[in-house]
Each structure stands twice: as structure tokens, then as C-alpha cells.
Amino acid sequence: MSDWVFPASARTYKRGSRIKNLLARPGDVDFLEGLAVQLALASLANGCDKPDYPRNTLVALMKFCQRHCVHLISDEIYACSTFDSGDPSATEFTSILAIDPEGLIDTERLHVTYGFSKDFGSAGLRIGAIITRSRAVDAAIRGVIRFHNPAGPSLAIGAAMLEDRKWCREFVELNRVKLKEAYGVATLGLKDIGVEYLPGSNAGFFLWIDLSPYLPTDLDGEPNAEFALAKKLLGNGVFLHPREEHSLRPGWFRMVYTQEPDVVKEGIKRIKKTILQ
């Protein structure tokens with residue numbers, strides 16, 4: 001499922017081939033009423049396209065799913081990569097596992113997905129987890145898991161990481177400190193060159209930046225202006241991924257800022273050079 005970028009207060013859904021953008025106040029999921037919803041997927045702490053969902057919104061979503069017999073999947077793959085960005089519009093991350101489901105949703109309908117790839121920088125291990133109390137989901141997973149087992153060495157490494165609780169705590173805490181510092185370097189640099197970015201982030205490794213004012217009219221053989229700008233950026237030694245499947249707004253690019261400060265600063269200098277050409 002693709003992510004779509006809208007204002008921080010926006011909620012989106014996809015029904016058939018039609019995509020709608022509906023504004024909702026925190027805790028307001030009434031816009032879902034009347035839709036043939038079969039599954040709700042909440043992407044928490046994803047860090048790039050919105051502030052996180054406040055607790056009352058998650059509670060309202062759980063109640064909605066219970067009322068309509070809908071399963072709720074909470075994707076929390078960035079759960080330990082949250083940090084204090086200092087942005088007043090950021091919402092503190094709340095795991096759906098921290099909310100007592102009693103009286104809100106049948107635990108048969110509540111599921112959480114997690115993996116090592118983000119928080120532990122270990123995409124190569126190919127280890128993930130589904131946290132569920134659902135007997136039906138458990139049975140379905142057991143039916144296919146034999147054909148999707150992670151490699152033995154990956155399991156040995158993953159187990160060693162998790163069993164060393166002291167290392168885990170120190171790693172996560174250091175990661176949060178470094179993320180906060182990197183976010184500060186990136187946002188300050190973008191402000192200095194006059195490039196706007198989507199505020200409210202306090203998790204993850206990248207920002208959405210708005211380069212729509214700098215989209216070229218000369219496509220230089222590319223299919224659209226965003227790829228033409230990406231080509232110019234690449235020519236100046238910096239790669240930014242254009243919106244493509246990530247956003248419906250033309251001109252938005254994803255900028256990864258979790259590099260050494262000097263690397264990020266140099267990258268922003270090259271962005272400035274490109275948009276001034």
C-alpha cells in the first residue's frame with residue numbers, strides 16, 4: 001500500500017480506483033462511516049508524511065473497527081526510532097499495544113507488525129513479526145511459515161541482539177539521540193536555503209521536502225518534471241527520490257537525513273546549487 005502526502009490533519013482512504021482526502025480532527029473517524037471497509041491499516045511512527053496519531057484517534061479507530069467487525073493492523077516498524085524533534089506540531093508516539101483493548105476492540109481483530117530493518121538497521125536479516133492474539137490469524141500464518149522462515153544465521157544474530165537487554169537499551173537510546181541531531185541539521189539546512197518541508201516529524205529517517213517551485217519546464221527526455229529535476233539533482237551529485245508512488249502532490253521529494261552531518265550539509269548545498277541553476 002502506498003503512502004499519500006496531505007496536510008497534517010488529513011486522513012486518506014482508497015476505495016476502488018478513487019482516492020479521497022478527508023480532513024479529520026484528532027479522534028474523529030466518522031468519515032469512515034458508510035464505507036465498505038474491510039481492513040484498517042494504521043502506519044504509526046512512520047516519520048515522513050504526518051504527525052503521529054494521538055491516543056484518542058487510535059482509541060476511536062479501535063472502536064470503529066469493533067463496531068463494524070473490521071480487523072485493525074498497526075504497522076510499528078519505526079517504533080524505537082522516535083525522538084524529540086522539538087517541533088510543536090509533532091505528536092508523541094503511542095503504540096497501539098500500550099492501549100488496553102478491553103471494551104474497545106476484540107483482540108481477535110487487533111494485530112501489530114514489526115521488523116528489525118528500521119530500528120536496528122538490519123534489513124538484511126529479513127526478520128519480522130506479527131503480534132496477535134487471533135487464533136485464526138495464527139493458524140493462517142502457521143500454514144505458510146514453513147516456507148518463509150528466516151535463515152538460521154539471521155535468527156542467531158537476531159536472538160543475540162534481543163537477549164542482550166543492556167545493549168538493546170543503549171542502542172535504541174543512542175539511535176534516538178543521533179536521529180534528533182540529524183533532524184536538526186537537516187531542517188536547519190533546508191530553512192537556510194529556503195526549501196519548505198512537511199513539519200510534525202518525530203520518527204524515522206527522512207523528510208518530505210517541497211521542490212515544486214523549482215520544477216523545470218524542460219523535461220530533458222524525462223516523463224515528467226519531477227524526474228527531470230531528479231536528473232538535474234543527480235547531475236550535481238545528490239540523489240532525491242521524487243514523489244512517484246509516494247505522494248499525489250507534484251514536486252515533493254523524500255530526503256534521507258540519517259547520514260553524517262557533513263554529508264547532509266554537502267547534500268543540501270548541492271540541492272541549493274541545482275534549484276538556483
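G200 is found in the loop between strand 7 (196-197) and strand 8. In this predicted model, G200 counts as buried because its relative accessibility is 0%. The C-alpha atoms of G200 and S89 lie 4.9 Å apart in space, although 111 residues separate the two in sequence.

## Overall architecture

The protein has 277 residues, and 43% of them count as buried. Its secondary structure comprises six helices and ten strands. Among contacts between residues at least 6 apart in sequence, 68% join residues at least 24 apart.

## Helix 6

Helix 6 covers residues 261-276. Its 16 residues should span 22 Å at 1.5 Å a residue, and the end C-alpha atoms are 23 Å apart, so the span agrees with expectation. Within helix 6, the buried residues are V264, G267, I268, I271, T274 and I275. They lie on the same side of helix 6 because they cover an arc of only 120° around the axis. The face turned away from this buried side carries D262, K269 and L276, which are exposed. The packing partners of the buried residues of helix 6 are helix 4, strand 8, helix 5 and strand 10 (252-256).

## Helix 3

Helix 3 consists of twelve residues, 152-163, and reaches 16 Å from its first C-alpha to its last, close to the 16 Å expected at 1.5 Å a residue. The buried residues of helix 3 are S154, G158 and M161. These residues cover an arc of only 60° around the axis, which means that they are on the same side of helix 3. P153 and E163 are exposed on the other side of the helix. The buried residues of helix 3 pack against helix 4 (165-192). Helix 4 is likewise listed among the elements against which the buried residues of helix 6 pack.

A156 also belongs to helix 3. The C-alpha atoms of A156 and L125 are separated by 10.0 Å, and the two residues are 31 residues apart along the chain.

## N175 in helix 4

What does N175 touch, apart from residues up to four places away in sequence? Its contacts under that condition are C80, S81 and D119. N175 is located in helix 4. Its relative accessibility is 18%, and N175 therefore counts as buried, the limit being under 20%.

Most residues other than glycine have a negative phi, and most peptide bonds are trans. C69 has a positive phi without being a glycine, and D220 is also a residue other than glycine with a positive phi. C69 is found in the loop between helix 1 (55-67) and strand 4 (71-75), whereas D220 lies in the loop between strand 8 (206-210) and helix 5 (225-235). The values for the two residues are set out below.

| Residue | Phi | Relative accessibility |
|---|---|---|
| C69 | near 55° | 53% |
| D220 | about 50° | 46% |

C69 counts as exposed because its relative accessibility of 53% is over 50%. D220, at 46%, is partly exposed.

## The second largest pocket

Rolling a probe the size of a water molecule over the atoms shows where empty space is left. The second largest pocket holds about 390 Å³ of space. Its lining is made up of 14 residues, and those nearest its centre are G128, A129, I130, I141 and I145.

Which elements each supply at least two residues of the lining of this pocket? They are strand 6 (128-132) and helix 2 (135-144). Strand 6 provides the largest share, with four residues. By residue class, the lining of the second largest pocket divides into eight nonpolar, four polar and two charged residues.

Terms used
Residues are numbered from 1 along each chain as its sequence is written. This is a predicted model: local features need pLDDT of at least 70, side-chain atom pairs count only at pLDDT 80 or more; totals for chains, interfaces and linings use all residues. Side-chain values use heavy atoms; hydrogens and water are left out. On a 1 Å grid over the protein atoms alone, a cavity is a set of points where a 1.4 Å probe fits but cannot get out, and a pocket is an open set with protein on both sides within 12 Å along at least five of seven lines; lining residues have an atom within 4 Å of a point. Grid points are joined across faces, edges and corners, and a volume is the space filled by probe spheres set on the points. Ala, Val, Leu, Ile, Met, Phe, Trp, Tyr, Cys and Pro count as nonpolar, Asp, Glu, Lys and Arg as charged, and the others, Gly among them, as polar. The expected span of a helix is 1.5 Å times one less than its number of residues. Buried means under 20% relative accessible area, exposed over 50%, partly exposed in between (1.4 Å probe, protein chains only). The arc is that of the directions from the helix axis to the C-beta atoms. Contact means heavy atoms within 4.5 Å.
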